[in-house]
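Student: Please take me closely through one part of this model. I would like to follow a single residue and see what surrounds it.

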Amino acid sequence: MNRNLTPNQEQKMASIEHINVTVRSPERTAAMLQAVFGWHIRWKGPSQLGGRTIHVGSDDHYVAVYTDPATAYTDAHFAKGRPLNHIGVLVDDLEATEARVLAAGLTPFNHQDYAPGRRFYFLDADGTEYEVISYA
């Protein structure tokens, strides 16, 4: 706590409002995010940079999935770590989420229990890696 500020002046904890990732098909990725995480489409339309974007998430945060039809994407565009290593998503029920990942035709891997939680990973159709975490 900053002793020079009153409680009403304290700075609130920063949080991530959104992540913007390039995908081959925003529609396909948005549908997967809805099916796996129960999120909804908040907005969709043309991107300010050209191309199109869909914002899919909760009322508090979202993933912007973007594509530029003028770009001929190759597999190299979507190699792990270029530039994103993974997106971490916190869930209450790890098993139920894993069942939805499987139902979406995706393959969970690297299951781990660690203090203070449990996790697994999966890749979407573009090779973007998701880490699914539960502290429940």
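**Phe 37 and its surroundings**

Tutor: Let's start with Phe 37, which touches Val 89, Val 91, Thr 97, Phe 122, Tyr 130 and Val 132, when residues up to four places away in sequence are not counted; contact means heavy atoms within 4.5 Å. A word on the source: this is a predicted model, in which local features need pLDDT of at least 70 and side-chain atom pairs count only at pLDDT 80 or more, while totals for chains, interfaces and linings use all residues. Residues are numbered from 1 along each chain as its sequence is written, and side-chain values use heavy atoms, with hydrogens and water left out.

Phe 122 and Tyr 130 form a stacked pair, 5.1 Å centre to centre with 10° between the planes. (Rings of Phe, Tyr and Trp, the last by its six-membered ring, pair if their centres lie within 6.5 Å; planes under 30 degrees apart are stacked, over 60 edge-to-face, and the rest tilted.) Across the whole structure, six aromatic pairs are found. Phe 122 and Tyr 130 are both buried, that is, under 20% relative accessible area, where over 50% is exposed and in between is partly exposed (1.4 Å probe, protein chains only).

Now widen the view to the largest nonpolar core, which has 22 residues; Phe 37, Phe 122 and Tyr 130 are among the members that touch the most others, along with Leu 33 and Val 65. (Such a core is a set of buried Ala, Val, Leu, Ile, Met, Phe, Trp, Tyr and Cys residues joined through side-chain atoms within 4.5 Å.) Helix 1 gives the largest share of this core, five residues.

Helix 1 covers residues 26-37 and lies across strand 5, strand 7 and strand 8 (129-134), at about 15° to strand 8. Helices (H or I, at least four residues) and strands (E, at least two) are DSSP runs numbered from the N terminus. Angles run from 0 to 180 degrees between N-to-C directions, using lines fitted to C-alpha atoms, for helices over the stretch in contact. Helix 2 (residues 94-103) also packs on the sheet, where it touches strand 6, strand 7 and strand 8, and its direction makes about 10° with that of strand 7.

What is this sheet like? Its four strands make an open sheet in the order 5-8-7-6, with mixed pairing; two strands pair if DSSP finds at least two bridges between them. From one strand to the next, the twist averages 20°. Strand 6 and strand 7 (residues 117-123) are antiparallel over four bridges, with Gln 112 opposite Arg 119 of strand 7. Arg 119 also lies over the face of Tyr 114, 4.6 Å from the ring centre. (That needs NZ of Lys or CZ of Arg within 6 Å of the centre and within 35 degrees of the ring normal.)

Last, look at the loop between strand 7 and strand 8, where you will find Thr 128. Thr 128 is buried because its relative accessible area is 11%. Beyond its neighbours within four places in sequence, Thr 128 is in contact with Leu 84, Ile 87, Phe 122 and Leu 123. Phe 122 therefore brings us back to Phe 37, whose contacts include it.
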